[in-house]
Amino acid sequence: MGADRDRELERWGHRVEYRVRAPERCPIRQLDVEVTGISVFWNDGTINCDYVTRNADGEITVHHASQSDTTDCPCAVVFENDAIPRVRPARSGTDGDLCLTTYVQSPERAEQITAALREVSSSFEVIDYREIGAGEEWSAQLDLAGLTDKQREAIRMAMLEGYYEMPSETTVEELAAMTGISSSAFATRLRKAEREIFSQLLEYV
């Protein structure tokens, strides 16, 4: 496993993270609900986008959109430069801002992607650039603004009460009783918090 990881790092040795403004015709710009997750796929010049939204009542919906005209699409720019974009909403920015992360083989390829993104995005910024060498420790940056106050409190309580210890020092039922809600409601709250955190960690593992 370690050797495979080292070989992958040798192939994709540079990590670049951008903040870009999605174009006006991007489906995400047309939504009036919170976007919590985005997956983008490239197929014969067509961008396929799956995105997850959450409304004010906490209801989760999965949407799909396809677009063949990709002249102003930041994700298409990355695909066209032989890299894969990983995208998430930039919650600390304005509506329509995205955090786009990709891994490339060389600084020159990173510069090509950077120049191309600057051409297609009305708002553009390089957030982070780093070279990843074999054996180097990876770090992750989490944006917890996507958690509600209740979800944040649920994950905090689970940590403090030893829910994630081995063996666990408490149960969902006990945590729910401490909170004053049903066990199913607490479990849902906790799972949503975990999913929000793990979805951000996914790009680093």
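Mentor: Three aromatic pairs turn up when the whole structure is searched. In one of them, the ring centres of W42 and F79 are 5.5 Å apart and the planes meet at 20°, so this pair is stacked. Because W42 belongs to strand β2 (residues 34-43) and F79 to helix α2 (residues 74-80), the pair ties together parts that are 37 residues apart in sequence. Please keep in mind that this is a predicted model, in which local features need pLDDT of at least 70 and side-chain atom pairs count only at pLDDT 80 or more, while totals for chains, interfaces and linings use all residues. Residues are numbered from 1 along each chain as its sequence is written, and side-chain values use heavy atoms, leaving out hydrogens and water.

The pairing rule takes rings of Phe, Tyr and Trp (for Trp, the six-membered ring) whose centres lie within 6.5 Å, and calls planes under 30 degrees apart stacked, over 60 edge-to-face and the rest tilted. Helices (H or I, at least four residues) and strands (E, at least two) are DSSP runs, numbered from the N terminus. W42 is partly exposed at 31% relative accessible area, whereas F79, at 13%, is buried. Another pair joins Y163 and Y164, whose ring centres are 5.1 Å apart and whose planes stand at 80°, so this pair is edge-to-face. Y163 has 25% relative accessibility and counts as partly exposed, as does Y164 at 35%; in these terms, buried means under 20% relative accessible area, exposed over 50%, and partly exposed in between, with a 1.4 Å probe and protein chains only.

Y163 leads us to T170, which touches E161, G162, Y163 and L175 when residues up to four places away in sequence are set aside, a contact being heavy atoms within 4.5 Å. T170 sits in the loop between α4 (149-160) and α5 (172-179), and is buried, with a relative accessible area of 9%. Its side chain makes a polar contact of 2.8 Å with the side chain of E174; such a contact is a pair of N or O atoms within 3.5 Å, where within protein one must be able to donate a hydrogen and the other to accept it, and residues adjacent in sequence count only if both atoms are side-chain atoms.

G162, which T170 also touches, takes a positive phi of about 80° just after α4. The buried residues of α4 are Q151, A154, I155, M157 and A158. Seen down the helix axis, they fall within an arc of 160°, so they line one face of α4; the arc is that of the directions from the helix axis to the C-beta atoms. On the other side of α4, D149, R156, M159 and L160 are exposed. The buried residues of α4 pack against β3 (46-54), α5 and α6 (183-201).

From α6, in turn, buried residues pack against β2, β5 (86-89), α4 and α5, and they include F186, L190 and I197. For the chain as a whole, there are six helices and seven strands, and 41% of its 205 residues count as buried.
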